[in-house]
Amino acid sequence: MNSFKSILFVLSLGLFLNCSPKPKSEETSEASKEKLLVALQKFNTAFQHGDIETLDSMITDSYVHTNGTSQAIHKSNWLGYLEKRSKRIISGELEVLHYEMDDLGFVHYKDFTIVTGRVLVTNRISQDTIENQYRVTHLWVSENGNWKRAGFHDGKIK
């Protein structure tokens with residue numbers, strides 16, 4: 001139920017802000033979008049390789065992470081998950097063969113952007129190769145001129 005509330009909150013916030021007047025960016029939308037694309041690439045590369053230090057620096061202190069298989073978790077719990085995942089990558093138990101985000105959509109406001117997309121991931125766990133696709137929604141905020149991820153939700157496509 002908490003995951004549902006999180007999704008409902010993000011969707012309601014997006015709807016409210018979509019109806020709000022003057023959602024103008026302080027930067028040009030193209031320059032801001034380009035900066036965000038760079039941040040997304042850096043974030044996704046760090047996630048693929050289990051780079052916890054980079055990921056920690058790129059999420060807000062009040063970060064909320066939800067997916068279809070668990071309740072919403074906050075920054076410390078997500079970083080705890082990442083530590084376990086990173087150990088599996090280092091040990092060779094988990095190998096991320098492919099991690100790509102495509103089909104991107106952006107709804108940009110003054111200090112935040114809702115990013116939607118699809119993540120394609122291929123992992124090798126032991127000898128098994130597993131391919132998955134996820135539909136994702138990110139909430140990115142601008143803090144001191146840098147984009148940070150404030151919220152995330154995914155749902156498995158296949």
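Buried means under 20% relative accessible area, exposed means over 50%, and partly exposed lies in between (1.4 Å probe, protein chains only). By that rule Lys 75 is buried, because its relative accessibility is 15%.

This is a predicted model, in which local features need pLDDT of at least 70, side-chain atom pairs count only at pLDDT 80 or more, and totals for chains, interfaces and linings use all residues. Residues are numbered from 1 along each chain as its sequence is written, and side-chain values use heavy atoms, with hydrogens and water left out.

**Strand pairing around β1**

Helices (H or I, at least four residues) and strands (E, at least two) are DSSP runs, numbered from the N terminus. Two strands pair if DSSP finds at least two bridges between them. Strand β1 covers residues 59–67 and runs parallel to β6, residues 146–156. Five bridges join the two. Ile 59 has Arg 149 as its bridge partner in β6. Strand β1 also runs antiparallel to β2, residues 70–74, with three bridges between them. Asn 67 has Ser 70 as its bridge partner in β2. A hairpin of two residues connects β1 to β2.

**Salt bridges**

Side chains of opposite charge can pair when their charged atoms come close. A salt bridge here is a side-chain nitrogen of Lys or Arg within 4 Å of a carboxyl oxygen of Asp or Glu. The count comes to seven.

| Pair | Closest N and O atoms |
|---|---|
| Asp 102 and Arg 118 | 2.7 Å |
| Arg 135 and Asp 103 | 3.0 Å |

Asp 61 is exposed, because its relative accessible area is 68%.

Next comes the salt bridge of Asp 102 with Arg 118. Asp 102 lies in β3 (residues 94–108) and Arg 118 in β4 (residues 112–125), 16 residues apart. Asp 102 counts as buried at 19% relative accessibility. Arg 118, at 24%, counts as partly exposed.

Then there is the salt bridge of Arg 135 with Asp 103. Arg 135 belongs to β5 (residues 128–143) and Asp 103 to β3, 32 residues apart. Arg 135 is partly exposed at 39% relative accessibility. Asp 103 is exposed at 52%.

Salt bridges with shared partners also join Asp 56, Asp 61 and Lys 75 into one network.
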